[in-house]
Amino acid sequence: MTLTRRIVLTAAAILGIGGGALSVAAVNGQLQLWPSRSPMAATHATSFTIKGMVPGDRAQRLITVTNTSRRAVTRMAIRVPRGTSPLTRSSRGLAAQLLMCTKPWTRLPTRGPSYKCTGHAKTIVQFQRLPIDRNRITIPRTAPGKKLYFRFTLLMRRDAGNALQGQRARITPTILIGTP
């Protein structure tokens with residue numbers, strides 16, 4: 001893929017918390033080109049620290065990606081490294097889910113922030129242990145100027161046990177977007 005075919009996207013991330021405490025060091029703004037032989041053209045990575053979770057807790061983060069290129073977006077990939085925390089290394093630790101919605105996510109009036117898709121939702125990753133490395137995922141054609149709406153959810157399994165309570169982990173989900 002030539003440099004002229006590469007896509008530059010702008011992303012905005014909105015923090016959503018459900019259950020445990022979540023502190024954020026969000027990275028917003030211009031996406032970086034991803035030098036690779038892969039057909040993916042741009043990348044968006046947001047790092048945040050998760051802490052204070054107990055078994056059964058969930059933490060959610062919304063990510064809105066705008067296609068500011070001159071080409072339509074039709075493919076994506078998601079990568080979430082395992083890291084070094086017991087929360088991410090244990091077989092009973094965190095599991096991640098990524099959903100995409102055709103409309104902006106709507107916040108529900110619940111005690112802990114929770115979000116609902118009022119359009120059509122597509123499951124990209126269904127609660128999977130870390131690490132996650134999924135490539136060449138087909139997404140609905142997204143024309144220049146249009147947005148993609150994602151909800152990234154972390155779940156601490158109910159059988160996680162007491163040893164994982166109160167642990168902290170640095171999570172860096174990376175969404176790569178491009179054309180075939």
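In this predicted model, Q97 is located in strand 9, which spans residues 94-101. The relative accessibility of Q97 is 7%, and because buried residues are those under 20%, Q97 counts as buried. The side chain of Q97 is joined to that of Q126 by a polar contact of 3.0 Å. Leaving aside residues up to four places away in sequence, Q97 touches V125, Q126 and F127, and also R151, F152 and T153.

The nonpolar residues may be considered next. In soluble globular proteins, nonpolar side chains tend to be buried together. The largest nonpolar core of this model has 32 residues, and the members that touch the most other members are I50, M76, I78, F150 and I171. Strand 14, residues 147-156, supplies the largest share of this core, with five residues. Another core, of seven residues, lies apart from it; L99, W105, Y115 and Y149 are among its members.

Is K51 buried, partly exposed or exposed? Its relative accessibility is 31%; because the partly exposed class lies between the buried limit of 20% and the exposed limit of 50%, K51 counts as partly exposed. Along the chain, K51 and L87 are 36 residues apart, while their C-alpha atoms are separated by 9.4 Å.

Definitions and conventions:
Residues numbered from 1 in each chain as written. Predicted model: local features only at pLDDT ≥ 70, side-chain atom pairs only at ≥ 80, totals over all residues. Heavy atoms only, no water. Helix = DSSP H or I, 4+ residues; strand = E, 2+ residues; numbered from the N terminus. Buried < 20%, exposed > 50% of the residue type's maximum accessible area, 1.4 Å probe, protein only. Polar contact = N/O pair within 3.5 Å; in protein donor to acceptor, adjacent residues only side chain to side chain. Contact = heavy atoms within 4.5 Å. Core = buried A, V, L, I, M, F, W, Y, C linked by side-chain atoms within 4.5 Å.
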